[in-house]
Amino acid sequence: MPLSAIAYETEQIAAKAPASAPHQPIATLTNITKRYGTTVALDGLDLSLHPGEVVALLGPNGAGKSTAVKLLLGLIAPTSGTTRVFGSDPREATTRTRVGAMLQVARITETLRVREHLDLFRSYYPHPLPMAEILRIAQLQGIEDRFFGQLSGGQKQRALFALAICGNPDLIFLDEPTVGMDIEARRALWQQIRSLSAQGKTVLLTTHYLEEADALAHRIIVINKGRVISAGTPAEIKRSSGGRTIRCQTRLSREFLLTLPSVSNVTFNEGAVIVTTSEAETVIREMLLRDETLSDLEIASPALEDAFLALTRNQ
Amino acid sequence: MATSAITHPLPAATGFAHTLSIFRKETKYEFLKLMRTKSFSLSTIGFPVMFYVLFGIANRNAFAGNVHLAKYMLGGYACFGLIGATLFGIGVGLAGELAAGWLELKRASPMPAPAYLFAKCASAVAFGLIIVSILTAIAVSFGGVSLTSTELIKMLGMTIVGSISFAGMGLLLALLVPANAAPAIVNLIYLPMSFLSGLWVPLRFMPHWLQGIAPALPTYHLSQLMLSIFGYQDSMSLITHWNALIGFTLLMLGLSWFVFHRKEQNA
């Protein structure tokens, strides 16, 4: 299992997660089944979103991510189950004034300027953000008078993001928001998503970049074949696939290490021992007590990618 | 309501003025978009104008009985132009926006769906009026056509009627036809239909068996109504033409509604 340096960063972000328990969810899918002919896209799915949360919906292609988003947007109706957004049907016009969406769009009206697209979308909402503010948040200053067709891939994504937030919505859906962006633009957008969350807005994100879910999400929901197979903070998801790993130089024997509580695996690699455990703190305390010469200590969480692969492979 | 703590007070601007402003902006940008899309604006305005210059003006001194052929053809090409603008603007435009997922994004927003349809329809009417105005200006300036102001106003009125009645057909085509095939399919329907209804060449100059097809086509009834403004219509009564045009419009809208709902259920 590769050791991951990002892991520590992630745990800190997770620790800052809003306490979601006292809040009522603002959007829920309850026991949703969605069939297309004989194909089952969603199979008894439950999902809830709380104020101020960034939730990442992860899953392989065809897992039902887009179907879940479309249900919450009121674009499709479930075969059975209930959808509630802000306490009412997502298809109601008043609900939609509090929701913004960035969907995967193949082609946008290319002969309108960025400013014109925004002017039109702002007019749909009762309390839109000021134009200058939208341009600043989506980093469109300087290109607002360009035609949509003249924008680069990353700029188009930023313009779509601007359309999603222009109405100052409380709930924002971002379907693969950073596709086609370079690393700098991607990180800048992450920063904007964090600041939306800091303002108390809820963001539901679907992404293929596990790094993105890891860096942004307070909570990750892994779905496969229309069912939730795992949910929790990024750290919890990673831990659920076998726990953290301790790597060090030690004189302790493999046999002894395996007798420690919660140790699931012990291997040797280039003279170092690698211990896999779900309770790293307890195991380390014991190891340090027993071996004063213990050195080169590293503790790492598994990368989210490994956890994800482990979770979806088991299906 | 459980979520009352985070519910905004009802927005103040949801009133009539707000809705009106959405309709206005939606229409403005739809029209701007079509105007700037050269493949649309140049061809929908250019073709009827070019045909009229070639065939209409050539007949500036030709009369068949009381019928001034250049004036007769003004009526035909006016219909040809306005139908083209409607079928391409609504049919091809909407099919493209459906396929690209753009309409889905708009539907997820609080945009009222009628604003979207109104914008498409109003833009088609606007293009129809532009085309008919240009054709009329050419006919009067170079075709030796004399037109009373009442006739002009009636022509523009009939242009609005025609655009609205063919909007339903545009809608139906957009729902049925894949976006990449839409321009070709619209042409395959629109061009033969125009020819067979006498929009290019007056029906009386066509073989008799071809003339028999015309009453089955909506384009024929629209063109007869347009020509009746000049007193150039065939023997069939105007009531029949109106009934046929209204029936066609309702049929297209009804079929569109049916197809749309079937798609919604399968979605």
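1. Which elements of chain A do the buried residues of helix 12 pack against? They pack against strand 3 (54–58), helix 8 (210–216), strand 8 (219–224) and helix 9 (234–240) of chain A. Helices (H or I, at least four residues) and strands (E, at least two) are DSSP runs numbered from the N terminus, and two residues are in contact if their C-beta atoms, placed from the backbone, lie within 7 Å.

2. Before going on, please keep in mind that this is a predicted model, in which local features need pLDDT of at least 70 and side-chain atom pairs count only at pLDDT 80 or more, while totals for chains, interfaces and linings use all residues. Residues are numbered from 1 along each chain as its sequence is written, and chains are lettered from A and ligands numbered from 1 in the order in which they are written.

3. Back to helix 12 of chain A, which spans residues 304–313: Leu304(A), Ala307(A) and Phe308(A) are buried there. A residue is buried if 20 or more other C-beta atoms lie within 10 Å of its own, exposed if 12 or fewer, and partly exposed in between. Seen down the axis of helix 12 of chain A, the buried residues fall within an arc of 100° (taken from the directions from the helix axis to the C-beta atoms), so they line one face of the helix.

4. Now for the domains, whose bounds come from an automatic or database domain assignment. Chain A is divided into domain 1 (6–239) and domain 2 (242–304), with C-alpha centres 39 Å apart. Nine residues of domain 1 of chain A are in contact with seven residues of domain 2 of chain A. On the domain 1 side, helix 9 of chain A gives the largest share, five residues.

5. Over in chain B, have a look at Ala78(B), found in helix 3 (residues 69–100). Why does Ala78(B) count as buried? Because 31 other C-beta atoms lie within 10 Å. Leaving aside neighbours within four places in sequence, Ala78(B) is in contact with Val132(B), Leu135(B), Met155(B), Thr159(B) and Met226(B).

6. Last, a word on confidence: pLDDT is the predictor's confidence in each residue, from 0 to 100. Chain B averages a pLDDT of 90, and 94% of the residues score at least 70. Over residues 1–13 of chain B, however, pLDDT stays under 50, and the model has 18 contacts beyond four places in sequence for them. The model scores ipTM 0.86 and pTM 0.82.
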